[in-house]
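User: Could you help me learn how to read aromatic pairs and surface patches in a structure?
Analyst: Happy to! Let's bring up the structure and go through it together.
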Amino acid sequence: MGFRRVSYLKVYAIFCTLFILYLLTSEWENEGSILKHNRKLHKEIKKLKKGCTSRGYSRDYQDSDEADPIYLITPTYARLTQKADMTRLMYTLMHVENLHWIIIEDHEEKTELIIKFIERIPTNIQVTHLNMKTPSMDKLASDDPNWLKPRGVQQRNAGLEFLLEHFEENTEGYIYFLDDDNTYDIRIFDEIRKIEENQVGVWPVGIVGKLRYEGPVCSNGEVTSWFTAWKPDRPFPLDMAGFSFRLENLFDAPEARFKQRIPRGYQESHILTELGLDRTNAVGLANDCRDILVWHTRTEKPRMDAEEKLMKATGAASDLSIEV
Ligand code: UGA
Ligand code: MN
């Protein structure tokens with residue numbers, strides 16, 4: 001009997017030891033595989049970081065807490081492609097630090113579509129939502145050629161007035177007029193942050209002025225000539241997307257505004273002249289004006305013929321409660 005109890009106990013003790021050993025080793029294995037996985041992840045992150053920093057342009061400005069804000073002034077108006085254009089722009093701006101996006105609707109009131117759109121903008125982008133309707137006599141009719149009247153004039157002025165009202169004279173920052181349908185490479189924002197007071201940073205813009213690109217030709221940061229096919233004698237023969245300047249310059253010339261009735265193609269030259277800047281203040285950026293970092297893309301006006309056809313044939317077209 002005594003012998004039996006002892007051997008039962010032995011078997012039980014051996015079983016327990018083996019079970020504990022099994023538990024321990026499986027835990028080690030688990031830990032081992034987690035460590036291995038962690039190491040793999042770290043390697044992957046390192047590789048990705050390296051990829052981010054080795055693409056030519058310095059990301060120093062982006063990483064620094066000191067980066068001065070860039071105030072982006074964007075006029076926008078209701079049309080079928082508005083949400084698509086603004087969404088694309090938002091996804092570009094999400095990658096840039098310290099931006100203040102001033103969105104000015106060409107509308108008598110703030111629209112539901114843009115209010116809801118703004119709710120989706122990540123909070124690292126500061127947003128100001130304004131509205132300013134272009135008076136009907138200054139507005140292009142839908143069948144007018146687009147060169148007949150300048151666009152976004154009153155809205156950009158509303159943006160400038162907002163800055164003058166809400167910021168102090170010595171606020172550091174940059175102003176860039178960002179149209180809602182252009183295409184921007186985020187490296188342009190690093191270039192903008194190189195601009196000093198009393199300088200107008202300039203660079204070529206792609207696909208504009210019926211050319212592959214248009215804008216300054218530079219050597220060692222100095223603008224040596226301007227490449228344009230149209231009105232080369234303008235004080236600044238460049239596109240709205242092809243320049244930026246410091247906020248201080250607006251405070252030095254607080255009356256500077258865009259103007260509705262000036263010759264075609266002179267909006268850019270007009271505002272820069274009003275700011276007291278001329279060609280001698282121009283500094284060539286974007287790899288000595290050799291990199292195209294902004295394109296004057298334009299979203300095609302969509303045809304809606306099938307909506308009308310469906311309506312005529314069946315009495316019902318697309319569901320208007322679905323926002324496009
Ligand atoms: C070109 C320039 O790139 C613009 O910066 C310039 O304002 C315009 O010409 C002009 O001549 O006024 P373009 O593509 O022809 O640009 O102009 P749009 O993109 O149609 O308009 C420029 C900005 O004004 C856009 O952000 C647009 O949303 C806005 N806009 C346009 C309005 O706020 N209201 C309008 O009725 C039309
Ligand atoms: Mn445009």
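Predicted model: local features only at pLDDT ≥ 70, side-chain atom pairs only at ≥ 80, totals over all residues.

User: How is a pair of aromatic rings described?
Analyst: The description uses the distance of the centres and the angle of the planes. Here, the count comes to 12 aromatic pairs. One of them is edge-to-face and joins Phe-162 to Phe-167, with 6.3 Å centre to centre and 75° between the planes. Tyr-176 and Trp-203 also make an edge-to-face pair, at 5.8 Å and 70°.

User: Where in the chain do Tyr-176 and Trp-203 lie?
Analyst: Tyr-176 is in strand β4, and Trp-203 is in the loop between β6 and β7. They are 27 residues apart, so the pair links distant parts of the chain. Both Tyr-176 and Trp-203 are buried. Ring pairs also bring Tyr-184 and Phe-189 into a cluster with these two.

User: Which rings have the charged end of an arginine over them?
Analyst: Arg-246 places its charged end over the ring of Tyr-174, 4.6 Å from the centre. For Arg-156, the ring is that of Phe-258, at 5.7 Å.

User: Which residues form a nonpolar patch on the surface?
Analyst: Ile-14, Leu-18 and Leu-21 do, with about 300 Å² of accessible area together. Leu-21 belongs to helix α1, residues 2-53, and counts as partly exposed because its relative accessibility is 46%.

Key
Residues numbered from 1 in each chain as written. Chains lettered and ligands numbered in written order. Heavy atoms only, no water. Patch = residues over 30% accessible without salt bridge, like charges linked within 9 Å, V, L, I, M, F, W, Y side chains within 5 Å. Areas by Shrake-Rupley, 256 points an atom, 1.4 Å probe, with all protein chains shown as cover. Salt bridge = Lys/Arg side-chain N within 4 Å of Asp/Glu carboxyl O. Helix = DSSP H or I, 4+ residues; strand = E, 2+ residues; numbered from the N terminus. Buried < 20%, exposed > 50% of the residue type's maximum accessible area, 1.4 Å probe, protein only. Phe/Tyr/Trp six-rings, centres within 6.5 Å; stacked < 30°, edge-to-face > 60°. Lys NZ or Arg CZ within 6 Å of the ring centre and 35° of its normal.
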